[in-house]
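Hello,

Here is the structure I promised to pass on to you. Please open it alongside this email, and my notes follow below.

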Amino acid sequence: MNTSRTLATTARVLRQLRHDPRTIALMLLVPVVMITLLRYVFDGSPGTFDSVGASLLGVFPLITMFLVTSIATLRERTSGTLERLLAMPLGKADLIAGYALAFGLLAAVQSALATGTALWVLGLDVTGSPWLLLLVALLDALLGTALGLFVSAFAASEFQAVQFMPAVIFPQLLLCGLFTPRDTMQPVFEALSAALPMSYAVDGMNQVLRHTDMTAAFLRDALVVAGCALVVLVLGAATLRRRTP
Amino acid sequence: MVNSTGPAVEAHDLRVVRGPRTVLRGLDLAVPRGQVTGLLGPSGCGKSTLMRAVVGTQAHVTGTLDVLGRPAGDASLRARVGYVTQAPSVYDDLTVRQNLDYFAAVLLPGRAHRDTRAETVGRALTDVDLTSHADALAGTLSGGQRSRVSLAVALLGTPELLVLDEPTVGLDPVLRRDLWDLFHHIADDRGATLLVSSHVMDEAERCHRLLLMRDGRILADDTPEALRRRSDAPTVEDAFLHLVDTAETQEDNRR
């Protein structure tokens, strides 16, 4: 690992984004609009908005970062720049850390905007600290980046990469406890949901929603999400090949 | 410097298998240092695969292949070998200068190299004559300009060996002449070795040495004059066609 090369990669990814203001605007504004929409959809039952809203604050960064990373790394693979970079003295870890850092920064801004709007404009009622909400949101963003990077190895085109979003994210969304508590699911699916990282992301958000202090369950949730993100990042690194078959 | 006297690239019984197909079938070759060596042959004869093997990005390579005195693909070679793929590999959503700045930062990282980086980026821009387009987005440039950006990236950091896969495809005659002048300038003044592939035979006359390839084998490894003389042909193209015909007749006779 080389810090200068990692930071150069982060700066490069951010520069690429700066030439694409529409993507930045969509990434930052869509979650804010969605959470506002949700607030007024549940206008009659503020309690539902509290629980669903808090969970969604963790789901947005995961979905956005998944999409952005899978497309960005797919472009890197198909444009030949990945082959070129790997023929240069750049470590795979430098490249991945560079991407994770750039998208992580963006995710931080995105989550801060969405969380801030939810808490102070829309009156989302959270017992715990907003900082913990932000922490889970960031870990979710990292998980999304990791999943996107991994999945891009199996996509031959942008069409396929986008289709991986429903394939990888939707089952987790259905099983994560957002629609119905996990312990009321059919036992096989309850077990399955315990194996999926998004369940822990949503549970972590709910812990902050209901408790003033950092609970043991919150700590477990945060560690599981971070651990999953790291494992998937390593798997993703393994899909970056220096050699063409 | 390790072994700076031997050939820049030396291969013995080099074989590459891609899927069910044997692309390179036991090549023996030597690319001399400080010269421009042309790698010529029809599309699909294995030129790009050979170049990837030299750069170290090709899997399933057997036999021996030494580059600048080290086995091909050795990590220490990554800063000493410049490589340009057939399709321009640059970031379309960055300006020309931002592209070069990033790749220079990968080659020469850290604050300590800041001046060297600025210098090498400036020189690469001048080399490919794109200084006036430095702040244009790479995606908005013409095809020829984009391939020159890709070439400029390979020139960063003064590599000892430049491997260029069809760098002049789709360029107009004036640009092609300018680029060949640049290749000779890099070999003569900077002492670099160039391995340049092409399927345009008139470019062959501009090389110091030629490797003629066909169907995964080397047909000839000689200077352009010697090749013309050997086949008693007026141009390298005729010499190449003569060699292909001879090879085909031999294959037919064997059957």
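In strand E7 of chain B, B:Leu162 is the bridge partner of B:Gly82. E7(B) (residues 161-164) runs parallel to E6(B) (residues 81-84), and 4 bridges join them; strands count as paired if DSSP finds at least two bridges between them. Helices (H or I, at least four residues) and strands (E, at least two) are DSSP runs, numbered from the N terminus. From E6(B), B:Val81 and B:Tyr83 point one way, B:Gly82 and B:Val84 point the other way, and all are buried. Buried here stands for 20 or more other C-beta atoms within 10 Å of the residue's own, exposed for 12 or fewer, and partly exposed for anything in between, with C-beta atoms placed from the backbone.

A word on the source: this is a predicted model, in which local features need pLDDT of at least 70, side-chain atom pairs count only at pLDDT 80 or more, and totals for chains, interfaces and linings use all residues. Residues are numbered from 1 along each chain as its sequence is written, while chains are lettered from A and ligands numbered from 1 in the order in which they are written.

Two residues of chain B have a backbone angle worth a look. Most residues other than glycine have a negative phi. B:Glu166, in the loop between E7 and H5 of chain B, has a positive phi near 45°, and with 22 C-beta neighbours inside 10 Å it is buried. B:Asp13 also has a positive phi, of about 50°; B:Asp13 sits in strand E1 (residues 9-18) of chain B and is partly exposed, with 13 other C-beta atoms within 10 Å.

Chain B is divided into domain 1 (1-80 + 161-222) and domain 2 (91-158), with bounds from an automatic or database domain assignment. Their centres, taken over C-alpha atoms, are 23 Å apart. Between them, 9 residues of domain 1 of chain B are in contact with 10 residues of domain 2 of chain B, where contact is having C-beta atoms, placed from the backbone, within 7 Å. Helix H5 (residues 173-190) of chain B gives the most to the domain 1 side, with 4 residues.

What about the two chains together? Here 24 residues of chain A are in contact with 25 residues of chain B. On the chain A side, H1(A) gives the most, with 6 residues.

Happy exploring!

Notes:
Contact = placed C-beta atoms within 7 Å.
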